[in-house]
Amino acid sequence: MEPLVSVTEFLEQCKVSGDSAYNAVKVVLERLHNPETRVSARVLLAAVEKHVAQEEEKEKERESCGVAVDSMTKYHFRIHQLSLTDYEGFRENRQKLTLLELPSIFVPEDWSFTFFEGINRHPDTGFRDRDVAELGCGNGWVSIALAERWSPRKVYGLDINPRAIKVAWINLFLNALNEEGSPVLDHEGKTLLDRVEFHVSDLLAYCREHNLMLDRIIGCIPQILNPDPGAMSKIVSENASEEFLYSLSNYCGLQGFVEDQFGLGLVARAAEEGISIIKPTGVMIFNIGGRPGQAVTERVFSRRGFHITKLWQTRVNQAADTDILALVEIEKNTRHRFEFFMGRVSEEPISARTAWAYLNYGGEISHGLSVYECKLRMPIQVKTISKFLSDGLQETRGALDLSFPDEAMAEEKIPFLAHLAHALKDLSYFPYESSGGSSRFRNLIAGFMRIYHRIPLTPASVVVFPSRAATIENLLRVFSPRLALVDASLTRYLPKKWLTALPAAINTKVAPQSNNTVTVVEAPHRSDLVMRLLKNLKPQIIITSLEDFEMRTSTAFEQLLEATSSIGARLVLDISDHLELSSLPGTNGVLQFLASHPLPMHATIICGLVKNKVYSDLEVAFVMSENETLLNMLAKTGDITYGRTGISSQFYYGCLFHELLSFQLPERHTTEQRLPKVEDKQTNTINFSASTLAAISEVEDVHLNKEHPTIRMDFHENALPVPPAVKMCVFEGFARQNIAEAEMDLKPEISQFLKSRFGLPSTYSEELILSNTLISLFTTLVLACVEENGTLVFPMGSDGTYVSAAKFLEAKVKRLPTDAANSFKATAEQIDLFLQGIKKPWLYLSGPTVSPTGAVYTNDEILAILAVCKKHGARVILDTSYSGLEYNAEANSATWNLEQAISEHPGGCSSSYAILFVGGFSSVLMTGGLEFGFAAVSDTIYVDIFKDVPTVSRPHGTLKYTIKKLLGMMDQEILAKGLEEQKQLLQFRAQRLSKLLTLCGWEVIVPCGGASMVAKPSAYMGRIVKGGAFGDKKLESHNIRDAILEVTGLMVSSSLWTGIPDYFRFMIALTDTDFTNALSALLKFRDSVFI
């Protein structure tokens, strides 16, 4: 190392320029870092300080002559004393700090002084023995003063300006060592060098890279928009110009936050980065200028989950070197007004434009300056949310709002969002839950009843519904009673014709009526009046509730149980208004009864969950019963009436249950659990209707209380990985507050989708009916078909769920024969021939992609079919929900252009011919089990059908927001790339499965798109499975599905479901593991037959 220069040599080098002065200082700093040369370097600085001070004294004497020059001008640096008067440190007689300043470093001013004054208001224990980081430390004086006063464990001074960090180190040595170079010790025998470090860092990057967790994060951060937004993207080096390095302290570039528009983007980024680095009990303290306005400034922190305390507030003059013209531009282009004041004592604020004008004409302006202390209100949960969003979409981060006027709302929503963030992070795809409800949600319900109400309930006794409306209508349809008594407050959910028909004469021997002609009589609320009606009318089903006073004991409930049992009626009791999701639930006589008595087989409890503080219209319902026969029936009929209950609804209420159960010790509540039992066939209560039993026999993929098979290829689920953007949009839908109606209006996006994919004019979708599931829309159409005595025509190879739904609702159903040569697509000629002689035909057609075959209708084919339908006056239901995953050459024709066909049949014409488009977006938007259905109608025939249908479960606003946002992103690379990857994977799997099935003796219909395919087990017919529990039965079409399941644990859909004799369905959109296991299972089954 070169010998240390003299004072004169040092000063001569500094005279040349600011860069020369910096280089001279840097050499001294290198010696200060070296323990062997540290003393001599500190002595040199002391000598330089003394020499310059003497020169300045002489300059003061010459000042009267007008030739005085300060050291900053002459030597491009200044060493001065920063007074800390009235301040008690732990080192004796320390009343000031010695500080070196360079032109490229922001010098202490009102901002930093106010900041330190605010920190001084913090309790002494707030920093003592803590790990602290200062953001934008500049020359380091605040970090040094903080360490001097409070003796923290460690202070990390951070700044993006490399020269600032060098100067901060110099200042640290100036104050850690005395003029002779000896260490200045504190009361613990430590020097400032033990407590303070300085590092070049873009905000908290250094702490993040070194895995530091902090107790305190403080910062005096600039908040003016940089006139050059690209400036911050430049590489910041110590060789940058002095002007640029200085501007780093006075301006900030655009940070990609919504707060950028107020000049608060850098502050917002600091707050977000701090969430992951601050300890759960930690605190952030920021110095914030009040120019954007107090409400805007505080919202930077509150919307990110911070509690805010204002430690100190004052006003400072607007810095003369800060141009506020950028703020004037913001005001020009937005409705926001910044806050300035004329002078420092004015009370009325003025805008940036007025302030700029006043300043430029000689006036003095000021603005507020506040020091805020910020604590995370729910640290663990907010950290989880922040971590999930850290790699998310910029818009989603901007949509987060964790500020709540009501603390109870915060206590409900923040934990939910944390649960959601955690689940989405680990989620590969959105699963399709069972129509009986997710096993997790049912388990949580049972746990709540077991722990808080001492009811030995199991998940097997719970079935979940989307709403009370769906629950009540489903119960009535499966039994089709001659007469039902329903509480007047619950009848609004039922079809009007059920409420207008007069009760038939009492005759218990009369067979059950049709599912569609149930007679309902409104019942009063009080149980004594209900029992009087029971005695006289002898209904077969009673759906009622109890008054508040009747719920305080179990007496009224027990009387209803006895009265209904005596006449052979089924009792359904609604306790929705009396179930509290609370750790201190109120008295509930019904639940008290269930704690010590089994629920009789003829009784069922309904509970609709609508009591939440955040999403008041988000509903889910469940039934409790100990009748296994009924529970299984409700789950299976749910699959063909309302579909599956929304996973978001189940997840939300599941989180509420989880919060109540998470701190409980399960061992304290272990009791013998009551399992549901099969109902005696000889019961004197009403049994299921014949149409219900017939339809349910074809429902194959509902497994309420049984172990799921090892591998499932029997249900329509896209289990392929979901792009992160989809997860982010789902989260954003729940995180947003005060979503405007326009942000949930899907009409523009769906209209554009139908126009681009199918050539439909925008006027065609003026009437849009939305639902949580497509099946609930379809059942409405089936009921309309039944009402006009029409016939539903399904081509062989249609979705079996829709066929079962039509049969359940007692529609006249006909199967249109199709053939394997055309991949079981219906042709115009086949339809023309088949519709002859059918009165009032309704044709269901899925396309362009057909489920389950994976065939694709071309534009010419569909136009020919529509022409035939018009000829026969048929109503056409075009189901597009399986389309969007076409993957081979033929699929290029999957885009239809039906504009001419539609224009030739304008809505409202007198002909019975009408076209309805129904669909969903789980395929094209890759949302999987996050279901959504729509019906786009133009014909008044269809418009009238959907009027006043109370049981069509409408999608919640969060789901509509999500779907709208995803539709807007559909053509962007962020989604388009993910969709293309899914298509390629499905094509690869279809080819691989086709090859294997052919090798194993199946006849395969090669698909062109979609997530499923069909094949015929030709080589297996009449053969015998060797060994195993299946026995020596011959394999036939009706038992091959069971044989495959028994031998391999693989479940597929049988020909009963596909509607194609001897053809089975295989789903291919499985996880990689399940698909590989499915292939192995098919080989295993082959080997068990062909040994």
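Author: In this predicted model, a residue is called buried under 20% relative accessible area, exposed over 50%, and partly exposed in between.

Reader: Is Phe824 buried or exposed?
Author: Phe824 lies in the loop between β21 and α31 (828-835). Its phi is near 60 degrees, a positive value in a residue other than glycine. The cut-off for buried is under 20% relative accessible area. Because its relative accessibility is 6%, Phe824 counts as buried.

Reader: Which residues gather in a patch of positive charge on the surface?
Author: One member, Lys814, is found in strand β21 (residues 812-816). Lys814 counts as partly exposed because its relative accessibility is 40%. A residue needs over 30% relative accessible area to be part of a patch. The patch of positive charge consists of Lys812, Lys814, Lys839 and Lys840.

Reader: What is omega for the peptide bond from Gly847 to Pro848?
Author: Pro848 is placed in the loop between β22 (841-846) and α32 (859-872). The bond that leads from Gly847 to Pro848 is cis, and its omega is near 0 degrees.

Reader: What is omega for the peptide bond from Ser851 to Pro852?
Author: Pro852 is found in the loop between β22 and α32. The bond from Ser851 to Pro852 is cis, with an omega near 15 degrees.

Key:
Residues numbered from 1 in each chain as written. Predicted model: local features only at pLDDT ≥ 70, side-chain atom pairs only at ≥ 80, totals over all residues. Heavy atoms only, no water. Patch = residues over 30% accessible without salt bridge, like charges linked within 9 Å, V, L, I, M, F, W, Y side chains within 5 Å. Areas by Shrake-Rupley, 256 points an atom, 1.4 Å probe, with all protein chains shown as cover. Salt bridge = Lys/Arg side-chain N within 4 Å of Asp/Glu carboxyl O. Lys, Arg positive; Asp, Glu negative; His and termini not counted. Charge placed at Lys NZ, Arg CZ, Asp CG, Glu CD. Helix = DSSP H or I, 4+ residues; strand = E, 2+ residues; numbered from the N terminus. Buried < 20%, exposed > 50% of the residue type's maximum accessible area, 1.4 Å probe, protein only.
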